[in-house]
Amino acid sequence: VYDSVIVEIGSDQIVCDNTIPEDLIANASGGDGAYTYQWQILTENIWSDIEGAVNPNYTPETIYGENFYRTLVNNLCSSIVSDSVSVIIHEPLVVEAFGTNQNICFDFPVETFSVNVSGGDGNYTYQWQKELNGTWVTFPFDTLSTFQPIALNQYTLYRVVIGNVCGDQIVEFAVDFYEEIELILTSDQVICNQSVGDTLFVESS
C-alpha cells in the first residue's frame, strides 16, 4: 500500500525589480515515487497552466505586483494540488523632482523643492541635506517629500536621500543667485547760479 502523496513548494517571497525570485521547488513524497508536475499561475481568479513548466523546480517570471503559484502533481496513485505561494515583485523606483536647478535674483525667495516617488514597496523616507565645505549636513526635522530652503544669496547645493526597501535614491538641487545690483552716482557738484552742472552718470555693477 502506497502512502498518500504530499507536496510542498516553499514559502512566499517579496523581491525588488533587480532581484530574480528564488526557484519554487516541489518536494513530493508518497505514492510510488514517480511524479509529473504542472505549475500554474492564478490569473483573474482562474488557475492556468504555465507552458513548459513541468519540472519540480520553477523560476517565476518578472511580473510586477503580487502573483500566486501552485503545482499539480500526478502520480500512479492520485493527483494532488499543492498549496499556493505568493511572489511579490516590486516595480523600479521612479523619482520626479521639482525645483532642482534654480537661478534667482538677490534676496528673492527660493522655490520649494519637492519629489514625487513611485515604485518599490510604496513606503519612503526622506532625508534633506545641504553641502557645507565638502560635507553633507542633514536637516533632522525635514522628513517630508517637500523642503523649503532659506535664501543664502550664494550658490548652494542640496540633496534628498529617498529611502526604500529596494534601495536609496539621491536627487540633488542647486540654487544660484544673480549678484546684487549696485548703483553708483558720479561725485557731488557745487555750481553757481545760472551755471550748468556736469551730466550725472549712474554706474551699475
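The model is a predicted one, so local features need pLDDT of at least 70 and side-chain atom pairs count only at pLDDT 80 or more, while totals for chains, interfaces and linings use all residues. Residues are numbered from 1 along each chain as its sequence is written, and side-chain values use heavy atoms, with hydrogens and water left out.

Back to serine 114: this residue is buried, with a relative accessible area of 17%. Buried stands for under 20% relative accessible area, exposed for over 50%, and partly exposed for anything in between (1.4 Å probe, protein chains only). Once neighbours within four places in sequence are set aside, serine 114 is in contact with Glu96, Ala97, Phe98, Trp128, Ser145, Thr146 and Phe173, where contact means heavy atoms within 4.5 Å.

Strand E13 also belongs to an open sheet of 3 strands, ordered E11-E13-E16 and paired antiparallel. The edges of that sheet are taken by strand E11 (91-98) and strand E16 (146-147), each with a single partner strand, so one side of each has no neighbour in the sheet. Two strands pair if DSSP finds at least two bridges between them.

Of the 205 residues, 29% count as buried. Among contacts with a separation of 6 or more, 54% come from residues 24 or more positions apart. The accessible surface of the chain comes to about 13,500 Å², and carbon and sulfur atoms account for 50% of that; these areas come from the Shrake-Rupley method with a 1.4 Å probe, and for residues only the protein chains shown count as cover.

Next comes E17. This strand is mostly covered, with 8 of its 8 residues buried. Both of its faces are covered: Thr156, Tyr158, Val160 and Ile162 lie on one side, Leu157, Arg159, Val161 and Gly163 on the other, and all are buried. E17 runs antiparallel to E14, and 6 bridges join the two; tyrosine 126 has isoleucine 162 in E17 as its bridge partner. E17 also pairs with E18 in the antiparallel sense, over 7 bridges, with valine 160 opposite valine 171 in E18. The hairpin of E17 and E18 has 5 residues between the strands, and in this hairpin glycine 167 takes a positive phi near 120°.

Leaving out neighbours within four places in sequence, the contacts of glutamine 129 are Trp136, Val137, Thr138, Phe139, Leu157, Tyr158, Arg159 and Val161. The C-alpha atoms of glutamine 129 and phenylalanine 139 are 5.8 Å apart, with 10 residues separating the two along the chain. The side chain of glutamine 129 makes a polar contact of 2.6 Å with that of arginine 159, another of 3.1 Å with threonine 138, and one of 3.2 Å with glutamine 127. A polar contact is a pair of N or O atoms within 3.5 Å; within protein, one must be able to donate a hydrogen and the other to accept it, and residues adjacent in sequence count only if both atoms are side-chain atoms.

That leaves the cysteines. Taking a disulfide as a pair of cysteine sulfur atoms within 2.5 Å, the count comes to 1 disulfide. This disulfide joins cysteine 16 to cysteine 166, with an S to S distance of 2.0 Å. The pair links distant parts of the chain, 150 residues apart: cysteine 16 is in the loop between strand E2 (13-15) and strand E3 (24-25), and cysteine 166 is in the loop between strand E17 (156-163) and strand E18 (169-177). The link of cysteine 16 and cysteine 166 is left-handed, with -90° about the S-S bond. Cysteine 16 is buried, with a relative accessible area of 13%, whereas cysteine 105 is partly exposed at 38%.

Methods:
Helices (H or I, at least four residues) and strands (E, at least two) are DSSP runs, numbered from the N terminus.
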